[in-house]
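Here's a quick briefing to read alongside the coordinates. Have a look at the model first, then go through the notes.

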Amino acid sequence: MTVALAVENVEKAYGGVQVLRGVSLEVRAGSVCALIGPNGAGKSTLANVVSGMTLPDSGTVRLGGEDITALPAWKRAARGLGRTFQNLELFAGLTVLENVVVGGYALGLPVSELRARGLAALERFGIASLADRRVESLAFGEAKLVEPARMLVGEPKVAILDEPAAGLPPDSAEQLAERIAALCRDGLGVLLIEHNVPLVMDLADRVVVLESGAVLADGPPGEVRADQRVIDAYLGAGDA
Amino acid sequence: MSERRATVVTLAVVAAGLLVAPFAFNGDYEHGLLVGVCINLLLLTGLNLIVGVAGQISLAQAGFYGFGAYTAGILGAEAIGPVWLSVLAAPAGAALVALLVGAPSLRLRGLYFTMASLGAGVVLFLLFGRAVSLTGGPNGLLGVPMLEIGGIVFDTPLAMYWLAAPLAFAGLAFAGWLAASRWGLAARAAAASEPAAAVAGVPVFRIRLALFTLSGAYAGMAGALETYESGFVSPEPFGFFAAVTLLVVLTLSGAGTLLGPVVGALLLFGLDELLAEADDIRPLVVGVLFLVAVQALPQGVVGAISDRRRARRERRQARPETATETETEAVTA
């Protein structure tokens, strides 16, 4: 499997607080790399650095081998980097279909074509019947699926999913995991940030544990789960 | 009714209204008022692009309006090039000014952009009043010739109407198309969530700058029409109060909707007529309208009506599902 996304030695500080300390990781095409760690470990900051929402102080981000470290977020998206957010970031005032149509902006296609692709993406996430509803009228579980559908319309090569299962009931989280696995089978590389440890261990090909802004462990799920440092810092005895 | 069909119906109704209006309201005075409605429609349609579609509150529109008016007036009065060229130079010049103002100021967010746009409007207004050798200063610019395009002389209010009405309609139709295009959708998305739009591939700053520039062009065209309609330009209609009035009227009528600028243009017309003899209380009336807009109709008149229709449609669509759920429950029980 080729490396779809590479993060190399990324450092980031806000004022005097060092949030990321030499973080490196790889996401391979068609695989899930899970990023876990306690709150405040720097996971969302890393997602922001990778997606272009914030620039790193040093280090490199490569997408398909291309250095994208200095590119703004919208140019990264145009090159095939998709992202969802920890807290819902939907386009209020627009319908569900219009929301996902915007996800295909960088493709440069006419709206009619984007609508067709948007409907296909909504179908893939099982919410096509909500296409004409305004997003603000959706239940949380429904709204949570709009973001990945929107991302999918942009035909990303790599997706950063920031806590996609947060707040979902167990059966919906399982369904979501199946959908993510299906996307990976289609060749999508996924950087999954998630607190649902069973879901992570089930879905991920590789797990990176972040603690206080530094990589604590990086390896296959079984190996990471058994790592005593990870158990002490994050998993605890229950999840190990 | 689908959104596209609603747009076509709206445009057809507006076109019919514009065609019938000069016959329904006969006389030079009435035709002059109708030209004013078309000018307001252009101004508000342009403002709607940056405020309603892009979600950026601009107070520079009156300044761009003035820049267009003075560009047309100065080129016409000084006989620089053919008169028709001044009608094109006005929107082009105002668009260029909007581009220069927007390039730095649209990097600011929210109220900071609004303050910057207000600053630009105030600077333009001061320029109109103080560049006496160019603009005639507070006394105004005299000597604006009759507008003549391809041998047709627009020497009556009715003739000006037949120039202004198609321009206003074309401006509205183009804005409607633009708002429904992927650029319009992207701009509306960025207004709701800039980070999400950016990671979806939307070049937020560029789209906003393009819409701001275009809003300047609309205002410039409105300014040119105003100049040739009245044959005179003075700074008064292009100041802070005009900028606020435009914003309040657009908000009250329905920012972000196709019909909002049309309702707004009629509302401005009504205000002008009602307050023709009571100009002193105009700020008070606009202030009250602003309070009504913010408190009672944050979506504006048109927005409130469409929201209600949408809610009714969604309830209707949800009804069969509810029935099915009830049936399922009954069967399960």
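Of the 240 residues of chain A, 48% count as buried, where buried takes 20 or more other C-beta atoms within 10 Å of the residue's own, exposed takes 12 or fewer, partly exposed is in between, and C-beta atoms are placed from the backbone. Keep in mind that this is a predicted model: local features need pLDDT of at least 70, side-chain atom pairs count only at pLDDT 80 or more, and totals for chains, interfaces and linings use all residues. As for labels, residues are numbered from 1 along each chain as its sequence is written, while chains are lettered from A and ligands numbered from 1 in the order in which they are written.

**Confidence**
- Chain A has a mean pLDDT of 93, with 98% of its residues at 70 or more; pLDDT is the predictor's confidence in each residue, from 0 to 100.
- Within chain A, the lowest confidence falls in helix α9 (residues 228–239), at a mean of 76, and the highest in β4(A), at 97.

**Overall build**
- Chain A holds nine helices and ten strands, which are DSSP runs numbered from the N terminus (helices H or I, at least four residues; strands E, at least two).
- Along the principal axes, the C-alpha atoms of chain A fill a box of roughly 50 × 40 × 35 Å.
- Take the contacts in chain A between residues at least 6 apart in sequence: 65% of them join residues at least 24 apart, a contact being two residues whose C-beta atoms, placed from the backbone, lie within 7 Å.

**Strands and the buried helix**
- Four strands of chain A make an open sheet in the order β2-β1-β4-β5, with antiparallel pairing; strands pair if DSSP finds at least two bridges between them.
- The edges are β2 (17–28) and β5 (66–67) of chain A, each pairing on one side only.
- Inside that order, β1 (residues 3–14) and β4 (residues 58–63) of chain A run antiparallel and are joined by five bridges, with Ala6(A) opposite Arg62(A).
- β9 (residues 206–211) and β10 (residues 214–219) of chain A are also antiparallel, with five bridges, and Val208(A) stands opposite Asp218(A).
- Two residues separate β9(A) and β10(A) in a hairpin, and Ser212(A) in the turn has a positive phi of about 50°.
- Helix α1 (residues 43–51) of chain A has nine of its nine residues buried, so it is largely enclosed by the rest of the structure; Lys43(A) is among them.
- Just after α1(A), Gly52(A) takes a positive phi of about 95°.

**Domains of chain A**
- Domain 1 covers 3–80 + 156–239 and domain 2 covers 90–154, with bounds from an automatic or database domain assignment.
- Their C-alpha centres lie 24 Å apart, and ten residues of domain 1 are in contact with nine of domain 2.
- On the domain 1 side, α2, β7 (158–162) and α6 (170–185) each supply at least two residues.

**Contact with chain B**
- Chain A brings 26 residues to the contact and chain B brings 18.
- On the chain A side, α2 (73–78), α3 (96–102) and α4 (111–124) give two or more residues each, and α2(A) gives the most, with four.
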